[in-house]
2 protein chains.
Amino acid sequence: MTKVQELAGKIINGDRRALSRAITLVESSRKDHREEALELIALLTASGKRATRLGLSGAPGVGKSTFIESFGTYLTGQDLRVAVLAVDPSSVRTGGSILGDKTRMDRLSRDPNAFIRPSPSQSHLGGVARYTRDAVTICEAAGFDVVMIETVGVGQSETIAAQISDLFVLLLAPAGGDELQGVKRGIMEMADLILVNKADRDLRHAAMRTCADFAGALRLLRPRPQDCKGFPKVIAVSAVQKLGLSETWKAMNELLNWRKEEGYFDINRAMQARFWFEEDVKQGLLARLYQNTVRQMISDFAGDVEKGKLLPSQAAREVISRIQDQK
Amino acid sequence: MTKVQELAGKIINGDRRALSRAITLVESSRKDHREEALELIALLTASGKRATRLGLSGAPGVGKSTFIESFGTYLTGQDLRVAVLAVDPSSVRTGGSILGDKTRMDRLSRDPNAFIRPSPSQSHLGGVARYTRDAVTICEAAGFDVVMIETVGVGQSETIAAQISDLFVLLLAPAGGDELQGVKRGIMEMADLILVNKADRDLRHAAMRTCADFAGALRLLRPRPQDCKGFPKVIAVSAVQKLGLSETWKAMNELLNWRKEEGYFDINRAMQARFWFEEDVKQGLLARLYQNTVRQMISDFAGDVEKGKLLPSQAAREVISRIQDQK
């Protein structure tokens, strides 16, 4: 038995240290580690275990850490095993990622049925996507029932989380009618469920109004085939007072079960696999774009392009021909 | 003087036949035509003339053809010269593009101060983007004051139109409160101005409600630095009764003048040039992805990837290594 086979066996048997070690392995960009990681992921995928993958996006300040703590604890209370991972391509902490601060999830982090893993500090987006996909596979093989993929909503991180998840959840804070929510334009496109947090005490009224506002905004959007009646849904929750958690879990299961019955669950996973396949081929081709020599060529021309002295197409042609000469 | 220099001279002097011929030239994908087109565009760019570039997006049925007819005629009535181009990557006509049907714009198409050009029938998205950018440059050099870039809202065509435009306008039809607008999720992200058409007769009330709905939805989105107070703005118009046209033009100029004063107009054009430069380099690299041999490799593996028999990353690695062996 190879070292990697041994590691795979331990993970499947629920060994926590093996789980952590495996995630550290897939975080590494060292070439030999990458080889081992690819072998490990292939072995673990063969185990065929599946978790419910929940993507969770929310801006700093919406109470994401408290929500994950409350909702995660609610789920472990239902005898479910819960893993929490982060997609955070920013190398500098924005203060938005709860996972940089495990101590804020005091209870869940000590729960034997929960596993929390902060995002690695690498910043290359392609790397983050690949690492997160691998980490999800490891957690599934380790027998977790629910894998939450948290994102702070920077750049394309929601797209990554959405393309890995079975359900994509947007967490919001209440706001006055004229106050700006700061919801990134386009993110509503991906939400299966919108949760308005802090629906307690003096914010309860504002939360209800925010729910109505977003329900109205969702009605303006085009319906999607993968949504059953009533979805995307908006629910008011309070992470602090633990309100709306069972309603949220019930709504998630309603949509997931419908999708499973109608085939959209499997179609979605197949489409995601296809997406990541083509994405990985693209990344392989575009890898050249990120080579220092090519970045240098691009920045050599960028000034003239921006000033209008050189056409974008002329400059691009020059760069491409230099890349080809390089080879 | 070369043939291309002669053509450029005629365009700049306002020769309509030369204008049409130049656009036909940039539509062509023949290699020698591409060379001539590149030379022509470089010459015309050097003329330094600038038009106001208006992107206009709207689904079939919102009255886009009537709006362009009315608004275009309003502009020529203000002594402005107007060109209308289409971004339509669909090779099969959906019935949505007015430009497939010039006869619907009877008055504008006969107006000596207007120029209308249907979209070429090629369907490759990269080609459409490149062609449209070139056609805009040609129209600017020919002295048009306003270049409208119309898109039917299929796939990425709005992104192309938005990355070419100084202002991006979304045209909508009125809808009942619970009726679905079918606005593609994410498109609101790009709109500087939302026009609700058909605000006349029995639809007037519904149009006003739609305006209020979208104004509400816009307030939920994050503000952008390039917007002055009150933008993105929602305006009710009637293309048939010619209502709201001067208000629309006034709003456009308000935003454009503010952006020019604050520097956002130039920043936007510089960023667009940079965007197309990097995009053209990417396309050059990704061109391999669209080669038949590579498409074949991808479809050879796609079934196993979708079924979960092969990991996306494994399959991608295999394809990339085959591509490299090819060279």
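These are my notebook entries on a predicted model, covering how its two chains are related, what lies between them, and a few residues I looked up inside chain A.

**Entry 1: the two copies**

I began with the relation between the chains, and found that chain B is superposed on chain A by a rotation of 180 degrees with 0.0 Å of shift along its axis, at an RMSD of 0.1 Å. The two copies are thus related as by a two-fold rotation axis. I then looked at which residues each copy uses, and the same surface serves both, since 98% of the contact residues of chain B recur in chain A.

**Entry 2: the contact between the chains**

I looked up the extent of the contact next, and noted that 61 residues of chain B and 61 residues of chain A take part in it. Together the two chains bury about 5900 Å², of which 67% is on carbon and sulfur atoms. Between chain B and chain A I found a count of six salt bridges, and also six residue pairs in polar contact, with both residues at pLDDT 80 or more. On the side of chain B that touches chain A, at least two residues each come from α3 (31-45), α8 (204-219), α10 (264-286), α11 and α12 (312-326) of chain B. Of these I marked α10(B), which gives the most to that side, with twelve residues. Sorted by class, the side of chain B that touches chain A holds 32 nonpolar, nine polar and 20 charged residues.

I followed one pair in detail: B:Arg295 and A:Glu278 meet through their side chains in a salt bridge of 3.3 Å, N to O. B:Arg295 is in helix α11 (residues 292-307) of chain B and A:Glu278 is in helix α10 of chain A, so this pair joins two chains. With a relative accessible area of 28%, B:Arg295 is partly exposed, whereas A:Glu278, at 18%, is buried.

**Entry 3: salt bridges within chain A**

In one, A:Arg50 pairs with A:Asp266, with the closest N and O atoms 3.2 Å apart. This pair links distant parts of the chain, 216 residues apart, with A:Arg50 in the loop between α3 (31-45) and β1 (52-57) and A:Asp266 in helix α10 (residues 264-286). I noted A:Asp266 as partly exposed, at 42% relative accessibility.

In another, A:Arg224 and A:Asp192 meet in a salt bridge of 2.8 Å, N to O. A:Arg224 lies in the loop between α8 (204-219) and β7 (233-236) and A:Asp192 in the loop between β5 (167-172) and β6 (193-196), so the pair ties together parts that are 32 residues apart in sequence. Both A:Arg224 and A:Asp192 are buried.

**Entry 4: a glycine in helix α4**

Last, I turned to A:Gly72, which lies in helix α4 (residues 64-77) of chain A. Is A:Gly72 buried or exposed? At 0% relative accessibility, I recorded A:Gly72 as buried. Leaving aside neighbours within four places in sequence, A:Gly72 is in contact with A:Phe67, A:Val82, A:Leu108 and A:Met148. I also checked A:Leu245, which is 173 residues away along the chain, and its C-alpha atom is separated from that of A:Gly72 by 9.7 Å.

Key:
Residues are numbered from 1 along each chain as its sequence is written. Chains are lettered from A and ligands numbered from 1 in the order in which they are written. This is a predicted model: local features need pLDDT of at least 70, side-chain atom pairs count only at pLDDT 80 or more; totals for chains, interfaces and linings use all residues. Side-chain values use heavy atoms; hydrogens and water are left out. Copies are superposed by least squares on the C-alpha atoms of residues with pLDDT of at least 70 in both. Contact means heavy atoms within 4.5 Å. A salt bridge is a side-chain nitrogen of Lys or Arg within 4 Å of a carboxyl oxygen of Asp or Glu. Helices (H or I, at least four residues) and strands (E, at least two) are DSSP runs, numbered from the N terminus. Buried means under 20% relative accessible area, exposed over 50%, partly exposed in between (1.4 Å probe, protein chains only). Buried area is the accessible area (1.4 Å probe) that two parts lose on being put together, summed over both. A polar contact is a pair of N or O atoms within 3.5 Å; within protein, one must be able to donate a hydrogen and the other to accept it, and residues adjacent in sequence count only if both atoms are side-chain atoms. Ala, Val, Leu, Ile, Met, Phe, Trp, Tyr, Cys and Pro count as nonpolar, Asp, Glu, Lys and Arg as charged, and the others, Gly among them, as polar.
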